[in-house]
Amino acid sequence: MQVNKNPQIALLGNPNSGKTAVFNQLTGMSQKVSNYPGVTVEKHVGKIRLSNKDYDLIDFPGIYGIIPNSLDEEIVCKEIYNWCIDKESRPDLIVCVLDSNNISRNLYLATQIIELGIPTIFALNMIDLLQSSNKQIDANLLKEKLGAYDIVTCCALNSKGLIDLTQSIKGFFNSDSINPQASSILDEKTASCLSELKDFFIKKGLSSSQSELYAINAVSNSKSLDLFEKDDKKSLELLIDSSEKRLAEKKITAKSLNSIIRYTYLEKLFDKHTILSDYREVKEKSFTEKIDKYMTHPILGTGIFLSLLFTIFWTLFKFAEYPMNLVDSLMGAIKDFSAQIIPDGIIQDLVVNGILEGIGGIVIFIPQILILMFSLKFLEDTGYMARASFLMDRFMSKIGLHGGSVLPLMSGYACAIPGIMAARTIDDWKERLITILILPLTSCTARLPVYVIMITAFVDDATTQTFLFMLMYLLGTVTAIIVAKILSFFLKEKTNPSFIMELPTYKKPILKTLIIDAYSKTKSFVVDAGKIIFAISIILWALASFPKNEKGNINIENSYVGYIGQAIEPAISPMGFDWKIGIGLITSFAARETFVSTMSTIYGIDDDDENSLKENIAKDYSLLIAISVMVFYVYAAQCMSTFAIVKRETNTWKWPIFMIFYMTALAYLGSTLVYQVGYIMGYA
Ligand SMILES: Nc1nc2c(ncn2[C@@H]2O[C@H](COP(=O)(O)OP(=O)(O)OP(=O)(O)O)[C@@H](O)[C@H]2O)c(=O)[nH]1
Ligand SMILES: [Mg+2]
């Protein structure tokens with residue numbers, strides 16, 4: 001049965017050209033947009049409604065050409081090849097988003113998209129940035145020369161900037177379109193060398209221009225063969241060999257064929273016009289280049305990076321105190337109110353001392369999480385994060401890794417899961433696997449409450465607090481690098497790493513975007529954590545409130561939770577932990593952030609405790625134990641969702657299980673070492 005599907009519009013373009021920004025504006029969705037290449041790693045479909053009709057808009061990962069250099073590009077390239085062999089699967093329209101500030105590179109891809117023979121609208125995006133640097137692009141000339149259905153200039157920062165694009169899409173669907181015929185871009189000499197390859201694709205059912213596109217790609221880059229079935233690959237390898245020989249006879253280097261042909265073609269098209277000026281001219285150093293001299297300088301740049309981190313963390317301690325007190329009083333008021341409206345008894349105890357105490361333990365960190373999320377997004381959107389990766393790349397390559405892993409690792413500071421997904425941009429499997437395996441060692445937001453509560457319980461001064469906080473982040477990062485080195489030595493997977501990173505231009509971040517992003521990340525953190533904490537608080541309350549003694553009071557040490565805690569105490573005492581921390585560790589295996597709420601609930605249920613959690617921790621433990629707890633949380637494998645994603649991304653349980661083992665061992669050994677050394681030195 002034929003299902004009536006909506007007309008399909010595919011969004012294609014170079015990485016970081018603004019496809020997702022266009023997608024979000026047109027669909028009202030909020031897929032991740034950020035200022036570095038490789039943000040989108042899988043395809044997303046959204047609906048748009050124009051003149052009372054629905055259309056499917058498909059956002060794809062960015063590509064530099066139609067060659068699958070990494071997993072995210074493979075998703076796009078496979079789909080495009082499928083469009084060529086199966087007409088039914090083709091989108092009705094392609095919207096190709098071009099970064100108008102980087103037009104030559106974007107036209108290199110544009111020439112390939114045209115060769116697909118699918119109607120295409122080019123959206124010359126980021127026109128605001130082009131205009132602010134007093135440059136112009138002649139859109140009419142581009143349209144005429146490229147043979148596109150239409151070209152519009154736009155700015156995807158707001159929906160107003162996309163009116164022309166929407167009009168053009170409407171116009172296309174209201175007209176009788178005919179599929180465009182792309183003309184050949186090959187000169188006779190080269191065409192004759194590639195004729196056999198081209199025929200191979202023609203026999204597969206591809207059009208003449210599509211066949212030419214795949215023939216050029218095949219000789220230019222062996223990665224392009226990853227798109228084909230085994231048998232096709234074999235035949236193609238033979239044909240490539242003979243084509244290469246013919247090209248060599250004519251003194252043409254096969255490996256650079258793609259760029260030679262396409263740039264020569266573009267040069268001819270725009271002879272005497274200024275459109276390719278960014279390719280032709282040796283221009284005066286741009287703002288970005290001038291600043292990058294300092295930002296990517298090995299010593300100065302590292303200093304800037306560490307100072308930025310210090311400033312963010314310092315702000316987190318300095319300015320979050322007041323809103324935190326506010327949230328605390330608010331939670332206090334909610335608890336008092338609940339105690340008044342719910343009659344005395346078991347239910348009141350469960351709600352006030354179990355659930356609300358547990359939830360209160362986590363919502364108090366909302367201000368700090370907001371500050372951290374806002375700052376990370378600010379660094380990403382300005383384009384700074386990509387520089388930080390570049391800086392670290394230099395360092396990483398010294399220890400045998402490459403910088404492709406750095407951006408995924410950086411996003412791990414917010415949460416490991418998007419970081420693990422972002423590892424799809426790494427073309428080499430071994431390197432991708434190592435990145436995935438070490439990613440949970442970067443301190444994610446869920447560790448923040450643990451660090452903050454442990455540090456603020458023992459240290460008052462904001463600068464010392466910041467140093468300790470930074471130390472935990474650095475410990476995770478440095479260990480991740482060491483583990484990576486060890487893994488790269490032991491893992492048997494084949495390796496062929498390469499790393500070229502395109503640094504995006506600096507962009508002024510938009511306050512509204514930063515606020516919305518920080519808000520939505522914090523909200524989802526609190527909601528996700530809230531659900532787990534809610535469930536755990538109930539179980540914990542039940543285990544901690546029973547059995548009651550003869551007088552009907554609770555002595556938490558003799559409760560079920562007390563028994564469990566005491567049973568595991570011998571195992572955790574080398575790390576300096578007592579049974580209460582032990583219970584926190586157990587509940588943390590669902591998610592790290594439950595540690596703080598567990599401690600809140602345990603203290604909350606204890607009848608003679610009226611202090612705040614911080615005061616209780618300061619009373620029962622020492623700074624050494626606090627550091628030992630933090631070291632445990634830097635290393636421990638305590639996030640079910642992470643393992644599920646690792647299983648999905650690696651397609652086997654082997655790696656998540658390995659991850660749980662190595663991280664737990666690190667946590668246990670790390671904390672024991674810290675506590676025992678501290679103990680011997682007399683800090684216990
Ligand atoms: N100034 C300006 N910035 C823009 C415009 N469109 C997008 N951006 C910014 O450019 C950056 C990249 O945008 P994305 O939408 O993530 O780019 P993308 O093409 O989806 O990138 P990938 O998913 O990595 O392929 C983000 O920081 C956007 O805010 C624009 O028209 N003007
Ligand atoms: Mg995107």
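## Helices α14 and α23

L306, L309, F310, F313, W314, L316, F317 and K318 of helix α14 touch A462, T463, Q465, T466, F467, F469, M470 and Y473 of helix α23; contact means heavy atoms within 4.5 Å. By class, these residues are 12 nonpolar, 3 polar and 1 charged. The model is predicted, with local features needing pLDDT of at least 70 and side-chain atom pairs pLDDT 80 or more, while totals for chains, interfaces and linings use all residues. Residues are numbered from 1 along each chain, chains are lettered from A and ligands numbered from 1 in the order written, and side-chain values use heavy atoms, without hydrogens and water.

The axes of α14 (residues 298-318) and α23 (residues 462-490) come within 9 Å and cross at roughly 125°. The crossing of α14 with α23 is right-handed.

## Magnesium site

Two protein donors, T20 (OG1) and T40 (OG1), lie 1.9 to 2.0 Å from the magnesium ion (ligand 2); donors are N, O and S atoms within 2.8 Å of the metal, or 3.2 Å for Na, K and Ca. T20 belongs to helix α1 (residues 19-27) and T40 to the loop between α1 and β2 (44-50), so the pair ties together parts 20 residues apart in sequence. Both T20 and T40 are buried (under 20% relative accessible area, with a 1.4 Å probe and protein chains only).

## Helices α24 and α27

Helix α24 (residues 511-545) and helix α27 (residues 594-605) have axes that come within 10 Å and cross at roughly 35°. Their contact has 8 nonpolar, 6 polar and no charged residues.

Notes:
Axes fitted to C-alpha atoms, helices over the stretch in contact; angles between N-to-C directions. Helix = DSSP H or I, 4+ residues; strand = E, 2+ residues; numbered from the N terminus. Left-handed = near helix turned anticlockwise from the far one by under 90°. Nonpolar A, V, L, I, M, F, W, Y, C, P; charged D, E, K, R; others polar. Buried < 20%, exposed > 50% of the residue type's maximum accessible area, 1.4 Å probe, protein only.
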